[in-house]
Number of protein chains: 2
Amino acid sequence: MPRRRPRTAAPRRDVDYGRLRSPFPVMEVYSADQIEAIHEAALDLLEAPGLKVLLPEARALYRAAGALTHEGTEIVRLGREIVTAALASAPTEVPVAAAVPERDVTLALGNIVFQPGAGAPHAADLTRGRRPGTLTDFKELVQLTQSFDVLHIMPPLVEPQDVPLHLRHYDMTRWQMALTDKVPFVYARGRGQVEECFEMIAAFRGLEAEAFRAQARCYTVINTNSPRQIDVPMAQGIIDFARWGQVAFITPFTLMGAMAPVSLAGAMVLSHAEALAAITLAQLARPGAPVCYGTFTSNVDMKSGAPVFGTPEHFRASLVAGQLARRIGLPWRCATGTAAATPDVQAANETQFGTWGCLLAGATVILHAAGWLEGGLTVSYEKLVTDLEVLQQVAELCGPAELDLALDALRDVQPGGHFFGAGHTMERYQTAFYDPLVADFSNFGAWEEAGGRDATQRATGIWQARLAQAGPAVDAGRLAALDDWIAARAAKGGCPPES
Amino acid sequence: MPRRRPRTAAPRRDVDYGRLRSPFPVMEVYSADQIEAIHEAALDLLEAPGLKVLLPEARALYRAAGALTHEGTEIVRLGREIVTAALASAPTEVPVAAAVPERDVTLALGNIVFQPGAGAPHAADLTRGRRPGTLTDFKELVQLTQSFDVLHIMPPLVEPQDVPLHLRHYDMTRWQMALTDKVPFVYARGRGQVEECFEMIAAFRGLEAEAFRAQARCYTVINTNSPRQIDVPMAQGIIDFARWGQVAFITPFTLMGAMAPVSLAGAMVLSHAEALAAITLAQLARPGAPVCYGTFTSNVDMKSGAPVFGTPEHFRASLVAGQLARRIGLPWRCATGTAAATPDVQAANETQFGTWGCLLAGATVILHAAGWLEGGLTVSYEKLVTDLEVLQQVAELCGPAELDLALDALRDVQPGGHFFGAGHTMERYQTAFYDPLVADFSNFGAWEEAGGRDATQRATGIWQARLAQAGPAVDAGRLAALDDWIAARAAKGGCPPES
């Protein structure tokens, strides 16, 4: 049950969706030897031919650690002993502080952290249609993410395209501070923006620079430029997040048959190699820097070249990534998704299928778990709600299972009778079962009479009601100070992204 | 790939959906001690207060084995030693012969057998709407079940309500013989109908009675009358299927809070007790009789009392059933489902969620895995297709995973380049990935331009195309002989069901 739902006179179930420990067994695709072969092939690939690193500062860090670097080609050849040492310094548990302790998360193998769809250029809902994302959409989706306990940290839901790029990081940070007490997201779009975001978050949390640096309080996602390339803003992001003690989710986006080999194992060699290189850079920038290993490996549709998600290939790639994450012992980020153009049954099925891939892979962070459509081009408000039903059901499975044999009831109810009226039932029925968010259990006649609306149509009223709820308590003085700070920076021209 | 799909010039993937071995780890809810406590509580319940068995012949079989029976109350009190002996004689592997060897199935722990929705009074599709099931619907759904390799045995899809009950078993058997080479279903609606069905199947397969008896060739589902009751047709069915060497899927239908205690463990004690009692009856009728342990335990919506499926409670009940099935070592039948009134996102999500419950429970047979709606009141043609996409994706995960590291391609493709044109990709791309049934991977613009139809709408064309395909080869002489036999029986008044 969402914590903030108004209480009624009836007893309420009290299942904590806010901290999930996985009850799911992990599933393996490859043997330990085969995983070792992938790991070794990734290390081989980093030694030769190596990877291209566009930021001189990053090449210098690699070079100082003993890597072979070439300034003309920008190629870095990274010995396996450098990678192995870096992996040894990466923390296996990463506590991340939110605005309030109830929202803190710990990134560690065995925990489950759900996030809704992230980074979409478009937003869509049934009342306003599909449109380029705006600051209004961003704010609303932050509010919705805030209102569901089963969503644990805040992603960059949609791009507020009505805010110019040199000011966008101000608004995205300001509204995360104002509307949510969950861990905020910062884009790695260059040192200038990143350090400004850190400054805003530290000030809003009332922290000096050193206190901010001592504890992860925000995170970013680093996508390498597969194959085998790390660009300037990504390399800066890796370095800056490491130096400031904030979390980088290192996530090569390796589509089999496009940016990666068409074979599962080949794609995983590439993804793993790039993740190892980026994790190594973070550790070279600051040993012990909090990082999250990550993969986002799926396939393309070989008829069109379009990226697809929630496929069997995506599922298996998640499983192999989990094996590799456990091989190196780090918390890791995985993702589900869908290529569907509309929040239909395909979209639901692909998203749930991909979610099960992540769960059976033992993923720590499961991104795009609600609302994501069109391979990430849109976040749908209605799909957010219908996917959340699945996530809440998964969260229920994370709760304890009591052993109540009900022996008296079993003896008392006569053959062919029923348990509706049994004392054992009456004492428990109001809180025994999951109370659905959007599912309608009416029979066909009642459902038809009530308007015959499908789950997606019903979801509209649910997100609208959530938006009408109050958000978390926020310090008005700090918010005013943040607004003043932003106004002053904006007046000086803001800060353009690195490219 | 469906085996019967027309070949094109392009190379085709060759994944065998017809025989699936589970690659999924099993998930447990309770400890071994707790499972033992449920098992012992079930045995206790059968000893006292026992269960009500309405068929005198069944009570006589129990009595002859040493059970305490009371003819006035029809109560049977069954000692645990009788149950334990019966379990020892039940086969752990049950081979079931179809019309052709490619369609044979083996019921054994570790195998996966999918079935579409079964026993619905209504059929629905987008072209003809929702209606009471007819023989036409039954025939079409048999054809559709036949046409998808991932559906392994034939269930009683919808009730042909336009055929009177005393003739219905003739038509259901006749059309299964004519339209499918998969293992057929026979309803246990009394000895008369059952023995007539066995006679039709044996004759159509060209078998004498003893040859038919020596090998399972059809199956039924036995639903006990929970709580703690076995009625006349069910008891007859258990006995007759056992004596004729045909398979009974023993499936108490125990909804937590309705026919079973509101608690998970309590409901599982009841379900397990009833299944053990029925399996024992089968073994007393003929030691070694092929049976399949089964459960269908879900919960009711405590606001309305309506049965619901694909819930967290249903998922966990499946897991516990799997633990109990492994405790007694028998193949077992589980089920997914949905309470949704329409083939929408709720229906898809609940069905897939329940399917994962079955898969992680290690279920041998997964019933209602495609097309089922409204808690079993309707089979939807479109939902059949969209659910089949999920089942085919699951089947893909059952295939082998090769380890192709693609080392040459990884070295050859330059940083920031792509693998689309790599030789390694070109050689494999046509067969590397799952080819979807109904998923549309077009981008939003192309999808909208093509009519903006959702997956459910697209499914209509898919089932229509499948119905236009040819069915399996059938011996015309035997079919004519079957028709003559049926005509003669019908002329004598048919055979009414037992009640």
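The structure is a predicted model, in which local features need pLDDT of at least 70 and side-chain atom pairs count only at pLDDT 80 or more, while totals for chains, interfaces and linings use all residues. Residues are numbered from 1 along each chain as its sequence is written, chains are lettered from A in the order in which they are written, and side-chain values use heavy atoms, with hydrogens and water left out.

**Exercise 1. Describe the contact between chain A and chain B by its residues, area and polar pairs.**

Step 1. Chain A gives 110 residues to the contact, and chain B gives 110 residues.

Step 2. The buried area, which is the accessible area (1.4 Å probe) that two parts lose on being put together, summed over both, is about 8700 Å² between the two chains, and carbon and sulfur atoms give 68% of it.

Step 3. Between the chains there are two salt bridges, a salt bridge being a side-chain nitrogen of Lys or Arg within 4 Å of a carboxyl oxygen of Asp or Glu. B:Lys303 forms a salt bridge with A:Asp435, with the closest N and O atoms 2.9 Å apart.

Step 4. On the side of chain A that touches chain B, the largest share, nine residues, comes from helix H11 (residues 345-360) of chain A; helices (H or I, at least four residues) and strands (E, at least two) are DSSP runs, numbered from the N terminus.

**Exercise 2. Work out which strands stand at the edges of the open sheet in chain A.**

Step 1. Four strands of chain A form this sheet in the order E9-E8-E20-E19, with mixed pairing, where two strands pair if DSSP finds at least two bridges between them.

Step 2. Strand E9 (129-132) and strand E19 (372-373) of chain A each have a single partner strand, so one side of each is left without a neighbour in the sheet.

Step 3. Strand E8 (residues 122-125) and strand E20 (residues 378-380) of chain A pair in the parallel sense over three bridges, and A:His122 has A:Thr378 as its bridge partner in E20(A).

Step 4. The loop between strand E18 (365-367) and E19 of chain A holds A:His368, which has a positive phi of about 60° although it is not a glycine.

**Exercise 3. Explain which parts of chain A the pair A:Asp483 and A:Arg174 ties together.**

Step 1. A:Asp483 forms a salt bridge with A:Arg174, and their closest N and O atoms are 2.7 Å apart.

Step 2. A:Asp483 lies in helix H17 (residues 476-491) and A:Arg174 in helix H5 (residues 165-179) of chain A, so the pair ties together parts that are 309 residues apart in sequence.

Key:
Contact = heavy atoms within 4.5 Å. Polar contact = N/O pair within 3.5 Å; in protein donor to acceptor, adjacent residues only side chain to side chain.
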